[in-house]
Amino acid sequence: MSLLFYSQGQDHYNLDPDLKVVLDTFTPGLPQEALSTFGKLVGEEVLEVAHHIDQDAPPRLKMHDLDGNRMDRALLSPAQKALLDKLRPMIRPAYEGQGWPLHYAFGYLLADGGLYCILTITHQVAYALHKYAPEWEAVKRELLYGPAFGATWMTEIQGGSDLGANRTLAKREGEAFRLYQGDKYFASGAGLADYALVTARPEGAPEGPKGLGLFLLPREVEGRLNFTVRRFKEKLATRAVPSGEVELEGSLAYPIGRLEEGIYYTLETLTVSRLANAVAAMGIGKKAHLEALFRVRRRTAFGKRLLDHDLVQHDLLEMRLRQVGGTALAFLAVWAFDQAWEEKPPYSPRYHLARLLSHLAKGRTAEHASAITALAMELFGGLGFLEEYGVARWHREALITPIWEGPANIQALDMLEAIAKKRAHEPLLEMLQNHPQAQRYAERALARLKEEGPWHAKEALRTLADALAVYALAKVAHEPFPELSHLYARRFLEGEPLPLSAKRPRLYDPW
């Protein structure tokens with residue numbers, strides 16, 4: 001008997017046939033055994049441990065050791081520590097020549113924002129060192145193979161997503177720098193990270209984001225704490241990752257690559273995590289979708305199973321359309337990034353397209369995840385609102401996905417910049433040329449964006465993302481994806497209601 005989730009104890013990869021065909025379309029050749037093994041780990045251990053962390057054992061900040069020395073360490077539940085050791089291999093594929101799709105497929109299956117955040121910010125540090133600071137190879141290996149954890153501390157209290165407002169000052173000291181005035185206000189991994197990527201402005205550098213350098217900040221220097229953690233945040237969800245406030249005052253840090261290119265390296269690491277945000281959003285949505293699918297088979301109302309009621313079937317079709325559309329969009333974006341990720345500044349049109357797709361995928365999947373998880377709670381009824389069961393947490397977890405790595409406004413503005421300055425929409429339109437409907441809606445959105453600018457940017461992002469989702473679904477040859485593509489276009493591009501002719505199990509029920 002399942003105590004928390006209907007899907008507990010099961011292989012979450014085998015429970016998700018829609019994921020299989022999406023991966024086979026955009027990232028063929030992924031190791032099925034590895035995905036199934038990971039899916040079993042999720043069903044058998046991740047669900048239970050993540051729920052335990054959320055409800056009973058979030059990380060706590062230990063500020064002093066037994067001798068009274070400042071240590072600012074995150075204390076983790078032994079269950080969380082053991083699970084992170086089992087999960088760490090999922091961050092390695094791209095650095096071992098296996099590409100990014102396998103990592104992101106694992107991230108989708110994991111679908112726990114807190115645990116996945118810890119792993120994402122760890123390999124983001126490895127990413128920057130791998131591409132731009134090979135002299136730190138030993139640290140990269142510590143991050144990828146253990147025991148070190150990493151973090152990315154970019155934003156500050158006065159600016160948030162406005163990186164150009166950063167005040168942290170970097171003063172050169174030999175081959176290194178000392179950082180001053182640093183107030184990294186929402187620092188995920190605080191108290192856990194052994195190495196962090198931080199943005200800071202070298203003395204004499206210009207104002208704004210292009211004056212920022214990217215630095216490697218070790219936790220300790222010569223056995224002494226190199227930064228302090230003011231406190232941990234109390235959060236609605238993602239409680240597995242300790243998020244806190246970090247102060248940098250005299251902290252020793254080392255430059256990564258060329259200081260004048262720091263903002264480009266920073267944006268690259270954000271692309272990595274925005275894709276993680278997109279696949280995690282759809283993974284969270286799928287966890288809620290799975291629970292709803294189990295529920296409607298077991299629960300009866302008004303003399304028949306919930307699954308047999310017309311309105312429930314309509315809800316299930318709405319959920320599936322959002323799920324497959326967002327998942328196909330996310331892995332199309334992953335595919336594009338995998339083709340271009342090794343490029344360095346100045347980038348090619350192929351890289352700018354990958355960056356544009358990351359904005360579209362991040363923005364739209366977050367909306368889909370929030371809607372799917374809310375509808376799953378509704379299908380559960382009163383039980384769906386109780387914290388003692390799992391489905392309520394999925395909605396809480398989904399609500400961070402529109403905020404992390406830049407909220408919708410930031411994604412829309414970054415999209416606008418990629419279009420206006422990098423012409424990233426041109427290869428996008430070329431991609432869509434074999435799907436006239438998707439291309440037509442994309443062209444309309446771009447024309448209106450050109451006319452109205454930022455005022456229309458969020459609507460343009462949504463339309464472009466939906467056009468790409470329709471295109472991506474149409475590329476999946478497996479039935480009933482061509483029809484799902486048509487229905488997604490009707491529902492989200494055309495704004496029309498779902499037709500009664502769609503009331504067929506093969507459309508609303510992936511099992």
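Residues are numbered from 1 along each chain as its sequence is written, and side-chain values rest on heavy atoms, with hydrogens and water left out. Because the model is predicted, local features need pLDDT of at least 70 and side-chain atom pairs count only at pLDDT 80 or more, whereas totals for chains, interfaces and linings use all residues.

**Cavities**

A search of the whole structure returns 2 cavities of 30 Å³ or more. A cavity here is a set of points, on a 1 Å grid over the protein atoms alone, where a 1.4 Å probe fits but cannot get out, and lining residues have an atom within 4 Å of a point; grid points are joined across faces, edges and corners, and a volume is the space filled by probe spheres set on the points. In the table, Ala, Val, Leu, Ile, Met, Phe, Trp, Tyr, Cys and Pro count as nonpolar, Asp, Glu, Lys and Arg as charged, and the others, Gly among them, as polar.

| Cavity | Volume | Lining residues by class |
|---|---|---|
| Largest | about 60 Å³ | 2 nonpolar, 2 polar, 3 charged |

The largest cavity is lined by Gly363, Glu367, Ala408, Gln411, Lys458, Leu461 and Arg462. Helices H9 (349-380), H11 (408-422) and H14 (457-475) each supply at least two residues of this lining, and H14 gives the most, with 3 residues; helices (H or I, at least four residues) are DSSP runs numbered from the N terminus. Around the second largest cavity stand Ala50, Ile53, Asp54, Asp112, Gly114, Thr238, Arg239, Ala240, Arg393 and Glu397. Helix H2 (32-55) and helix H10 (391-398) each supply at least two residues of that lining, with H2 giving the most, at 3 residues.

The buried residues of H4 pack against H1 (17-26), H2, H3 (78-87), H5 (113-132), H7 and H8 (310-340). After H4 comes Ala111, with a positive phi near 50 degrees.

Ala111 is also among the residues that Ile284 touches, together with Thr373, Trp394, Glu397, Ala398 and Thr401, when residues up to four places away in sequence are not counted and contact means heavy atoms within 4.5 Å. Ile284 is found in helix H7 (residues 262-298) and is buried, with a relative accessible area of 1%.

**Aromatic contacts**

The structure holds 19 aromatic pairs, where rings of Phe, Tyr and Trp (its six-membered ring) pair if their centres lie within 6.5 Å, and planes under 30 degrees apart count as stacked, over 60 as edge-to-face and the rest as tilted. The rings of Phe294 and Trp511 have centres 5.0 Å apart and planes at 65 degrees, so this pair is edge-to-face. Phe294 lies in helix H7 and Trp511 in the segment after helix H16 (505-508), so the pair ties together parts that are 217 residues apart in sequence. Phe294 counts as buried at 15% relative accessibility, whereas Trp511 counts as partly exposed at 38%. One aromatic cluster is formed by Tyr95, Trp100, Tyr104, Tyr127, Phe337 and Trp341, and Tyr104 is also one of the buried residues of H4.

Key:
1 Å grid on protein atoms, 1.4 Å probe; cavity = no way out; pocket = protein on both sides within 12 Å on 5 of 7 lines; lining within 4 Å. Buried < 20%, exposed > 50% of the residue type's maximum accessible area, 1.4 Å probe, protein only.
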